[in-house]
Structure formats: structure tokens, C-alpha cells
Amino acid sequence: MKKIIFIFLNLVIAISTVTAQKGIDFNKIYPSGGKLLMCVDSSAKNVYYSNVFPNQPNTSFSYLPEVNNISFQINFRKNINIEHYRYTILVDDKSIVVNKSINKAQLKDTHAGGDDEVFRSTTLGIFPIKGKIITILVYSIQTPLDIYKSVFYGKSIPKAKIKAIGKRSTIEKGVDYSYIIDPKEKIKLNLTKKDDELTIVKDRTDIDYIYYTSIKDKQTNKIISESTSWQYGSHIDETHQFSPYLKFDKSIFKKSGDYEVIIQPSAFGRYKMLPNEMEKYTARYTLSITLDEVRFTNRQMLIFGIITALLLGAIFGAAVTYIKRKASKKLAQQSKQKEIAQLQLNSVRSQLNPHFLFNALAGIQNLMNKNEIDNANRYLSKFARLTRNVLDSKELISLTKEKTLLDDYLQMEQLRFGFQYNLSASSDLDTENIEIPSMLLQPFVENAVKHGIAEKGKDGKITVSFEKQTSNLILSIQDNGKGFDTTQTYNGLGLALSKNRISLLNTIYKNTPFVLDIQSNTNGTAVTITLTEWL
Amino acid sequence: MRAVLVDDELANLENLQVLLAKNCPEVKVVAIASNIDDAFEKVNLHRPDLLFLDIQMGKTTGFDLLNKLSKKSFEVIFVTAYDNYGIQAVKFAALDYLLKPVDPDELITAVSKAEERIKGKINGEQLNFLLNQIKQTEPSIPKIALPQQHEIRYVSVDDIVRCMADNTYTFFYLSSGEKILISKPLKEYSDLLKPQGFVRAHQSHLVNPKFVKSWLKEDGGMLLMNNGDKIPVSKPNREMVKLVLGK
């Protein structure tokens, strides 16, 4: 025989088995009161018991699946008024004893739980329990509402059954419920934005309180919600009794997928009911949830947010870097090109120097030799001005200045060769403020002098004109010399250099190209430089 | 006009004397000096109306002489061989200068301008302004002298919004909203102010990028200034303007 002690918190009685002092010793100290002992036949292998249930105070439950007979003994502490106590015994729904007083004559001193305290003890009888439910109720007439209930369960615990599963939806006038009645083990449920709550209705039993319900995410195998809070009220079964139901908030479902609803007896786990044994009493339903909106946990949201931010950041960064790099590469390339063009321009300019510098010096030498001091002075300053212009790294020069320089130059050359010349700028040109690359015309003018009219003396004529043609600036140099073959390369002419220079200028002024045109025949040469859209 | 000539090369002194005698008989050379100590004494002694002053003289400069002289009751025409650093400051001060070898025509013009200034007595601050500018060792925002008919305005380059050419004249638009007309071509100020970051947007327009609000695409490109003015950008300058504004 096994002896088990049931704990009645704040209870001052103890019930004990008649026989069997051997067995399991529960050396527990209770705040007050005593113990109810049961003794079961020793053939019983497994006894499961629990006395803590949510929302179910003063209740103990023992599951005795293999026990044939059970005897009860009640023990009282010595300072207790035993005559105030009444007890009732029910077998299944049938009452065997109702509100019976303790038979004082039968009370004996005993070490009820095997501990040192001596209790006053008596037997409540021996009962067959196989296939039965025995319920013992004990109370004091001084506190008649505090009824202590002990349930001894000799039947097999029924597997829970979901009678209905439903959802609550918000509608215009409040809420509406829709249910799936007597669902199979696979339940499909579509949750929309309007749905907010899930209800699970269980079949009614006398021991609903031992069942707890958990919902597991099948994908992650994690319990997402648990409940033991069976409620009664809204759902009535065929026997006109309330069915227990549970409510779950929709928000527990973060995403669509399969979930498992598990309903099983609680607490026995603590007393080592083996998993396969437990499984016998466990009901499992698969719930396929479809959410029309994906819900994420804060953590998921955070991770998602971070990943998105990082990804966007990375893409943005990459794009910016790419664009920047491309732009800076392009810019570097452009500025490098320009730099090269500028350097080449400078070198071309400096190559132009000797041609007219030494010729000019020769002209001044000529004046000195002729003792024309005043003229020598003036031409020397002109020469200085021209030289300065060549040495200056100024890229642009005003038309006025260019005209002055050409005038200086032509005056000097006129001194040597005695030709006539004419310099003109059309009046619609703002010569003071229009700028052109410096030394652009000089080589062509020099060419006209040296190879055009040098031999013609006073009959030679050079015309230089600046004209406006719509938004183009036309610079032209004409002479009435003997002309030259424009297809030939004259190294000494500075012509090749000028052509080179113009092509370099065109790499800098891409949008306003310089067009060089040379017409030459035996009657003379006409050079035209068109600065497209320059004005 | 009584003049003192200062140059460290005797040949230059002689040249200038001959040119003055020939072209500017109204100028009487009272003394010549080939170093600044000598020049200091002679200027103090003769109190000339006009000083022809070489800028670079060995290790010293004409500015050193000016710094030594407490009273500067004379006009100065600087004479220099090449556009070196000093000439830039002279230009900012709107003072007159000649380049060697001296051109007789330019000499005549310079002398007559000096004569006008002496008569009009508008001299005064320009030399001190020049010396102050030169003294500044740290780079700072320079001021520029803008000679008007009766006065010379000294304007911080930062206060110039833009310049507009009017033939050989230039209009200065200042951040105060003022508009000043100066009788020098835009090109001259363009050369002076481009190293200060100014950009030539158009043949008639020089712009301080600091006052540019945005680039308008209308009419092939316009600069919208902070004060609402719209400045056209001519095609050849477009790339360069973009480059300068892009900075």
C-alpha cells in the first residue's frame, strides 16, 4: 500500500488511511491544520497528483489509473475543534456520505505523516476506485464556504476535444463571431485586419481545470501562447451546460503558417508523468493561419529595419561612390586634358617667339643704324609690349589689346618692308570687352608679311579685320602677296604651329569651335578664323 | 613739376631723363638717386611734386623708401621692368606705373595724369593704402581702390557683387546696393579680380561667385545673383563658370 499526503493549505484536518504506515513520507510542514492521507493498493504503479490549479483553490486532484481500492484517513491537529468538521464523499455523482461529523470515538493518536507531530486520526473507509471518481469534500461549519475538495480519479483522463474554434471580427456595429464547429485535426483559419481575437471552445468535463492549452509555432517549434483560464458563459453544449473556452489575441500570430494547439493535463509533468504517457491525454490540432498582413516581432522588425537600412545605405553609398568616382574621374580626365592642352598651348606660344622677336630686334637694329633715335625708341617700346605679351601667361586678351599689338607689330614690319596695312574692327563689336586667345592672329599676320608682301614693297597690302556675323566672331587677314600652297607644310611659317594651336584650343572650347580657313592663290592669301558662337 | 627719379640702374635713370626732357618739358628733374637711402635724403631735401620710383632695387624695393618717408606730399609713378608681385599691389591701389623700356606715349599720359591729380589734390590715402596692403603678411581679403572723379573709394573685394562693362568704363555693384562707375575697362579688373575668385561670365560681366545664388538654364545659361540680378553666361565661358561655381 502506498500512502500519499494531500495538502490542505490552512486546513486543520487530516484524513488518513487506516492501514499502511509504510510508503512515501512527505515531511512537509503546513501553516496549520493537518493532512488527508490516502492509501492505495500496492499493485498501483503510478499515482499522479496535483493540488495547485489556477483559478481553482482548495482543490486537489489525484489521478490513479491503476488503483483498485483506496482507503482514506483524516488527521487533525490536536488544537482543532474536530466537532466543527463535516465531510461528504461522492462516488461519481452519487453521494455516499453527506455532511457527516467525525466519529470522535474512533479518533486515535497517530504520527500521521510519519513526522514527529501527533495527530488525532480516524478512517473514512475503503472504496473501490477502478473506473470511478471519488470526491471528498471537507469543511468547518464555522467557515462553510471554504470547502476543501479532493478528487480521486480512477477513470482514464479524457483527451480534450475542441468543440469549436472561432474568430471575432470588428464590424460597424461592434463585433461579430464566426466559428468552425467540431473541427478536424487540421484547421484552416484566415485572419483579416478586422479580426482581433481567437476563441477555442473545449468539450465540457468535470475536470476542465486540469487542462492547459498552448499554441506552438510549428516552424520555430516555440510556444507562442499558453492559457489555463477556462471561461464559462457564452457556449452551451447539447446538455445545456456551459462549455469552457479560451481566448487568444490575434497578435500572437506574427506570420502566416502552421501552428499547433495543444491541450493537455497540467502539472502532472512535475510529478514525472512520462511523455508517452502524457501523450495519451494530449489533444493536438494543427492550425493553419493565413494573415492578410504580416506581423513581425519587435526584434524581427528591428533586424529587418537594420538590414534594410544597411542595405539601402550600402546601395546608396555604392551609388554615390560610383557616381562620385565616375564624375571625379571624368573631371580629372577633363582637367587633365585641359591641362595638357594648356601646356601644349604654352609651348606652342613660346615656339612662336623667335619668329617675330628676332625679326623685330633686327628692325630696331636697322633704325639704330639709320640713326633714327626717336623711331627706335617707339619701336623698342612696341617690341617690349609684344615681348611682354608673349611672356605673359595670360590666356585671353581683349580685341582692343590684340589690335594694338598687331598694330605694334605691323608698324615694326612696315618699317622694314614699307607695305601698307589696315586694321579694322566693325563698330558692332565691343572690342574693349570681347576677349580672344592671345597670339591667335599674330602668326598669320607675320606669315602675310614675310611670305606675302615682303617682296612687293610699297604695293603690298595687308588687311586685318574683326567682324561680327550673328554670334560668330570672324577674324580675317588678307594680303595681296604671291600666295602659297596651303597643302604644303612650311616649317618656317609658324602655320603648322598655329594649326596645332587651334586644334588644342578646340579641345578647351568644345562648345565654341574655332574654324580656320586659308585660301591662297597667286593673287594673295585670305586667312579666316571663325570663333563659332563666341559672342 | 619738380621730379626725383629713383632707380638702381644708371642707364634707366639716364633713359628716363632723356625721355622726360624730350616729351615732358613741364617736368624738371631736381634729383636722381640709385638707392633708397640716397633717395630718402634727396626727397626730404627737395620735396618734389613727382617721384619716379623703381620697384625692385636689389634687395630693397621702392615700397621701403615710401615706408621710410613720413610725409608723402608727392605723386608717385612706379617704373618697373616686369609685372612682378609689386605691380599687382600698385594696381589694387589704382596707382600709376610705367613698364621698362618706357614708351614715350605712355610716359606723356602718366605725367599728365599726375599733373591732374596734383592740381585736384585727390591723392592722399592711396600710398598709405598701398603700403598697408603690402605690409600684410597673412593672406587676407584685399581691398581695391576705385578712383572716381572726386574721391577714391577703398572697397573690400568681398563687398563687390559684380562688375559690368560699359565700353571702356566699368560699373561696380556693391553688396550695399551701391553702383559705382569707374573709368577703366572691365578687362583690367577682370585680370585683378580673377585671382580673387571672380569669374568672367560674359564679355561684359565679371561676377563674384560668393553672391551667386543659382544657375538658371534659361537663355542658354544665366547666373541668378542673391540680389535677384540675372547675369548672362556666354557660351565660351560656360564650362569655366560651371567649374568655378562647382567648387
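## Interface and annotated sites of chains A and B

B:Asp54 counts as buried because its relative accessibility is 2% (buried: under 20% relative accessible area, with a 1.4 Å probe and protein chains only). The model is predicted, with local features requiring pLDDT of at least 70 and side-chain atom pairs pLDDT 80 or more, while totals for chains, interfaces and linings use all residues. Residues are numbered from 1 along each chain as its sequence is written, chains are lettered from A in the order in which they are written, and side-chain values use heavy atoms, without hydrogens and water.

B:Asp54 is found in strand β3 (residues 50-54) of chain B; strands are DSSP runs of E with at least two residues, and helices are runs of H or I with at least four. UniProt, in an unreviewed entry, places "modified residue: 4-aspartylphosphate" at B:Asp54; such annotations may be inferred rather than shown by experiment. Leaving aside residues up to four places away in sequence, B:Asp54 touches several residues, among them B:Asp7, B:Asp8, B:Thr80 and B:Lys100, contact meaning heavy atoms within 4.5 Å.

| Item | Value |
|---|---|
| Residues of chain B in contact with chain A | 27 residues |
| Residues of chain A in contact with chain B | 27 residues |
| Area buried between chain B and chain A | about 2400 Å² |
| Salt bridges between chain B and chain A | seven salt bridges |

Buried area is the accessible area (1.4 Å probe) that two parts lose on being put together, summed over both; carbon and sulfur atoms give 45% of the area here. A:Glu435 forms a salt bridge with B:Lys187, their closest N and O atoms being 2.6 Å apart (cut-off: a side-chain nitrogen of Lys or Arg within 4 Å of a carboxyl oxygen of Asp or Glu). On chain B, α1 (10-23), α5 (104-120) and α7 (186-193) each supply at least two residues of the side that touches chain A.

Key:
Buried means under 20% relative accessible area, exposed over 50%, partly exposed in between (1.4 Å probe, protein chains only).
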